[in-house]
Amino acid sequence: MVTFLLERTAPLPLPEAWRRLTEWPRHGEVVPLTRVSVLTPGPNREGTVFVARSGLGPLGFDDRMEVTVWQPPTEGTPGLCRLEKRGRVVKGWAEIEVRPGPGGRARVVWREELRVRLLPGIFDGLLRAASRYVFGRAVNRLLRRP
């Protein structure tokens, strides 16, 4: 099991940063070899379920997630979304927090705990580094793309 934390500041209003980070199919546009399908009808809310399919053809896995906390930001109030990872291969959770930052910008805090089935603990350091890199790039791209 690994945990990691990412923090970013973006020149965006809170609602726009929130939108860019919580439109789930957009994640498939910025994470290599991944596509995202939302399984429940919109809008996003507690109970929304989506699947990130990563890999090539039959050599891949599904990362099934459910939104368990959905608190969009309001005027000056932070937003928080918690995802529970319920796939057969990937377990854990992720939290996306969007709060006021310096100079009217949005401050994003992404916390995540990952467990990969059958991956021995000796690989935790590599998994943590790879996850920080992949998710860090994804967050950067999501915040930059309108």
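# Sheet, helices and pocket in a predicted model

User: Is Leu118 buried or exposed in this predicted model, and where does Leu118 lie?

Analyst: Leu118 has a relative accessible area of 76%, and because residues over 50% count as exposed, Leu118 falls in that class. Its phi is near 70°, a positive value in a residue other than glycine. Most residues other than glycine have a negative phi. Leu118 is therefore to be described as exposed, and its place is the loop between β7 and α3.

User: Which class of accessibility does Leu33 belong to, and what is its phi?

Analyst: Leu33 sits in the loop between α2 and β2. At 55% relative accessibility, Leu33 counts as exposed. The backbone of Leu33 has a positive phi, in a residue other than glycine, and the value is near 60°.

User: Which peptide bond is cis, and in which loop is Pro43 found?

Analyst: Most peptide bonds are trans. The bond from Gly42 to Pro43, however, has omega near 0°, and is cis. Pro43 is found in the loop between β2 and β3.

User: What is the order of the strands in the open sheet, and why is one side of β1 and of β2 left without a neighbour?

Analyst: Seven strands pair in the antiparallel sense to give an open sheet, in the order β1-β7-β6-β5-β4-β3-β2. The two edges are held by β1 (residues 2–10) and β2, each of which has a single partner strand, so one side of each has no neighbour in the sheet. From one strand to the next, the twist averages 20°.

User: How many bridges join β3 to β4, and which residue is the bridge partner of Ser54?

Analyst: β3 and β4 form a hairpin with two residues between them, and Gly57 in the turn has a positive phi of about 55°. The two strands run antiparallel and are joined by eight bridges. Within this pairing, the partner of Ser54 in β4 is Phe61.

User: Which residues of β5 pair with Glu66 and Met65?

Analyst: β4 and β5 run antiparallel and are joined by six bridges. Met65 stands opposite Lys85 in β5, while the bridge partner of Glu66 in β5 is Glu84.

User: How many residues of β5 are buried, and which residue of β6 is the bridge partner of Leu80?

Analyst: β5 is mostly covered, with six of its eight residues buried. On the side of β6, the two strands form a hairpin with three residues between them, and they pair in the antiparallel sense over eight bridges. The bridge partner of Leu80 in β6 is Glu97.

User: Which residues of α1 are buried, and which elements are included in what covers them?

Analyst: Helix α1 (residues 14–22) lies across β4, β5, β6 and β7, and runs at about 165° to β6. Its buried residues are Leu14, Ala17, Trp18, Arg20, Leu21 and Thr22. What covers these residues includes α2, β4, β5, β6, β7 and α3.

User: Across which strands does α3 lie, and at what angle does α3 run to β1?

Analyst: Helix α3 spans residues 124–144. α3 lies across β1 and β7, and the angle at which α3 runs to β1 is about 25°.

User: How much space lies in the largest pocket, and which residues lie nearest its centre?

Analyst: Rolling a probe the size of a water molecule over the atoms shows where empty space is left. In the largest pocket that space comes to about 590 Å³. Its lining consists of 29 residues, and those nearest the centre are Val31, Ser54, Phe61, Asp63 and Phe135.

User: What is the lining of the largest pocket by class, and which element supplies the largest share?

Analyst: The lining has 21 nonpolar, five polar and three charged residues. Several elements each supply at least two residues, among them α2 (24–30), β3 (49–56), β4 (59–71) and β7 (106–116). The largest share, six residues, comes from α3.

Technical notes
Residues are numbered from 1 along each chain as its sequence is written. This is a predicted model: local features need pLDDT of at least 70, side-chain atom pairs count only at pLDDT 80 or more; totals for chains, interfaces and linings use all residues. Side-chain values use heavy atoms; hydrogens and water are left out. On a 1 Å grid over the protein atoms alone, a cavity is a set of points where a 1.4 Å probe fits but cannot get out, and a pocket is an open set with protein on both sides within 12 Å along at least five of seven lines; lining residues have an atom within 4 Å of a point. Grid points are joined across faces, edges and corners, and a volume is the space filled by probe spheres set on the points. Helices (H or I, at least four residues) and strands (E, at least two) are DSSP runs, numbered from the N terminus. Ala, Val, Leu, Ile, Met, Phe, Trp, Tyr, Cys and Pro count as nonpolar, Asp, Glu, Lys and Arg as charged, and the others, Gly among them, as polar. Buried means under 20% relative accessible area, exposed over 50%, partly exposed in between (1.4 Å probe, protein chains only). Contact means heavy atoms within 4.5 Å. Two strands pair if DSSP finds at least two bridges between them. Axes are lines fitted to C-alpha atoms, for helices over the stretch in contact, and angles run from 0 to 180 degrees between N-to-C directions.
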